[in-house]
Amino acid sequence: MNVQQSRYSAEEIGRIGEDIYHRDIRSHVMPQHKGEFLVLDIETGDYEVGTDDLATEKRLRARHPNGVLYGMRVGYTSAYTLAGRMVEDRT
């Protein structure tokens with residue numbers, strides 16, 4: 001397996017991904033895709049939405065093999081929870 005080193009830190013990927021999502025994508029996916037996974041290439045702005053996180057990532061990765069990807073759950077502050085409740089994004 002060939003793992004490519006990103007020129008972005010995890011924090012930068014998260015910040016850039018959130019900025020792009022709120023600025024360019026949110027109005028196109030809310031509320032009809034609330035609860036689904038969204039995977040975003042932070043360098044191109046291209047994204048995929050789906051109910052299966054891995055399948056959604058694979059579809060985007062097929063178009064952008066070297067993309068820098070950011071994943072999230074539409075309408076929530078986190079993609080996953082461990083024995084807790086999902087918190088809705090109120091922004």
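Contact here means heavy atoms within 4.5 Å. The model is predicted, so local features need pLDDT of at least 70 and side-chain atom pairs count only at pLDDT 80 or more, while totals for chains, interfaces and linings use all residues. Residues are numbered from 1 along each chain as its sequence is written, and side-chain values use heavy atoms, with hydrogens and water left out.

## Sheet and helix

Helices (H or I, at least four residues) and strands (E, at least two) are DSSP runs, numbered from the N terminus. Two strands pair if DSSP finds at least two bridges between them. By these terms, 3 strands form an open antiparallel sheet in the order β2-β1-β3. β2 (47-50) and β3 are the edge strands, each pairing on one side only. From one strand to the next, the twist averages 15°.

Strand β1 (residues 37-41) pairs with β2 in the antiparallel sense over 4 bridges. β1 and β3 also run antiparallel, joined by 5 bridges. L40 has a bridge partner in each neighbouring strand: Y47 in β2 and Y70 in β3.

Helix α2 (residues 53-63) packs on the sheet and touches β1, β2 and β3; its direction makes about 155° with that of β2. Axes are lines fitted to C-alpha atoms, for helices over the stretch in contact, and angles run from 0 to 180 degrees between N-to-C directions.

Burial is judged by relative accessible area: under 20% is buried, over 50% exposed, and in between partly exposed (1.4 Å probe, protein chains only). Strand β3 is largely enclosed by the rest of the structure, because 4 of its 5 residues are buried.

## Nonpolar core

A nonpolar core is a set of buried Ala, Val, Leu, Ile, Met, Phe, Trp, Tyr and Cys residues joined through side-chain atoms within 4.5 Å. The largest such core has 15 residues, and those with the most contacts inside it are Y21, I25, V29, L38 and I42. Each of α1, β1 and β3 supplies at least two residues of this core. The most comes from α1, with 6 residues. Leaving aside neighbours within four places in sequence, I25 is in contact with I20, L38, L40, G45 and Y47.

## Salt bridges

Side chains of opposite charge can pair when their charged atoms come close. A salt bridge is counted when a side-chain nitrogen of Lys or Arg is within 4 Å of a carboxyl oxygen of Asp or Glu. The count by this rule comes to 9 salt bridges. Three of them are listed below.

| Salt bridge | N to O distance |
|---|---|
| D24 and R23 | 3.0 Å |
| R63 and D46 | 2.9 Å |
| E48 and R59 | 2.9 Å |

E48 is buried, at a relative accessible area of 16%, whereas R59 is partly exposed at 36%.

R63 is partly exposed at 40% relative accessibility, and D46 is partly exposed at 26%. D46, E48, R59 and R63 are linked in a network of salt bridges.

For the remaining pair in the table, D24 is partly exposed with a relative accessible area of 36%, while R23 counts as exposed at 59%.

For the two residues below, Lys and Arg count as positive and Asp and Glu as negative; His and the chain ends are not counted.

E36 sits in the loop between α1 (10-29) and β1. E36 is buried yet has no salt bridge, and the nearest side chain of opposite charge, R59, is 7.1 Å away. Apart from neighbours within four places in sequence, E36 is in contact with V49, G50, T51, M72, R73 and V74.

D89 lies in the segment after β3 (69-73). D89 is also buried and has no salt bridge; its nearest side chain of opposite charge is R26, 4.3 Å away. Beyond neighbours within four places in sequence, D89 is in contact with H22, R26, G75, Y76 and T77.
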